[in-house]
Amino acid sequence: MITFANMKDKLFYTISEVSEELKVSQPTLRFWEREFKQIKPHRTLNGQRRYTKEDVEVLRKIKALTHERGLTLSGAKKILRGAYNNLPEQKDIAIDTLQELKTFLSDLKSQMDILLSEDDLSQTQDTDKQD
């Protein structure tokens with residue numbers, strides 16, 4: 001669960017409070033509200049938005065996905081919908097591929113170490129011959 005460092009514990013938060021807490025502009029929050037169906041702020045009689053803690057949590061995730069991880073809005077939507085969570089076989093394939101890559105890189109490093117040590121040895125022998 002998220003923590004609201006600068007926000008008081010209350011049922012609803014204004015757009016300015018959420019904007020200040022997340023450090024994103026109010027137009028950005030309104031745009032995300034249109035783009036992400038998970039955000040449904042309540043409206044007062046005069047049309048002001050009132051965000052719940054759940055709304056703020058979703059907005060915080062969107063910010064983390066788009067600003068910190070660099071995902072597009074489309075990618076963030078897929079993650080929030082859980083589209084990537086239902087693909088365990090792809091996760092297994094990715095893990096296997098990464099393990100194969102790790103083995104390959106480890107072997108390559110070993111070969112490079114051998115070549116470098118042989119090169120150092122031949123340079124030492126050349127230096128001895130010159131003396």
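The side chains of Glu33 and Arg49 form a salt bridge, with an N to O distance of 2.6 Å; a salt bridge is here a side-chain nitrogen of Lys or Arg within 4 Å of a carboxyl oxygen of Asp or Glu. Glu33 belongs to helix α2 and Arg49 to strand β3 (residues 49–51), so this pair ties together parts that are 16 residues apart in sequence. The model is predicted, so that local features need pLDDT of at least 70 and side-chain atom pairs count only at pLDDT 80 or more, whereas totals for chains, interfaces and linings use all residues. Residues are numbered from 1 along each chain as its sequence is written, and side-chain values use heavy atoms, with hydrogens and water left out. Helices (H or I, at least four residues) and strands (E, at least two) are DSSP runs, numbered from the N terminus.

Glu33 also meets Arg43 in a salt bridge, at 3.4 Å from N to O. This second pair links distant parts of the chain, with Arg43 in strand β2 (residues 42–43) and Glu33 in helix α2 (residues 26–35), ten residues apart. The relative accessible area of Glu33 is 15%, while Arg43, at 47%, counts as partly exposed. Across the whole structure, the search finds eight salt bridges.

In general, strands of a sheet pair through backbone hydrogen bonds, either parallel or antiparallel. Three strands make up an open antiparallel sheet in the order β1-β3-β2. Strands β1 (13–14) and β2 stand at the edges with a single partner strand each, so one side of each is left without a neighbour in the sheet.

A further salt bridge joins the side chains of Glu57 and Lys61, at 3.8 Å from N to O. Both residues lie in helix α3 (residues 53–68), four residues apart, about one turn of the helix. Glu57 is buried at 18% relative accessibility, whereas Lys61, at 41%, is partly exposed. The 16 residues of α3 should span 22 Å at 1.5 Å a residue, and its end C-alpha atoms are 21 Å apart, which agrees; the expected span is 1.5 Å times one less than the number of residues. Buried residues of α3 include Val56, Val58, Leu59, Ile62 and Leu65. The elements covering the buried residues of α3 include β1, α1 (15–22), α2, β3 and α4 (73–81). Gly70, with a positive phi near 80°, follows α3.

Helix α1 contains Ser19, which is buried at 12% relative accessibility. A polar atom of the Ser19 side chain lies 2.4 Å from the backbone oxygen of Val24. Apart from neighbours within four places in sequence, Ser19 is in contact (heavy atoms within 4.5 Å) with Val24, Ser25, Gln26 and Leu29.

Definitions and conventions:
Buried < 20%, exposed > 50% of the residue type's maximum accessible area, 1.4 Å probe, protein only. Pairing = 2+ DSSP bridges. Polar contact = N/O pair within 3.5 Å; in protein donor to acceptor, adjacent residues only side chain to side chain.
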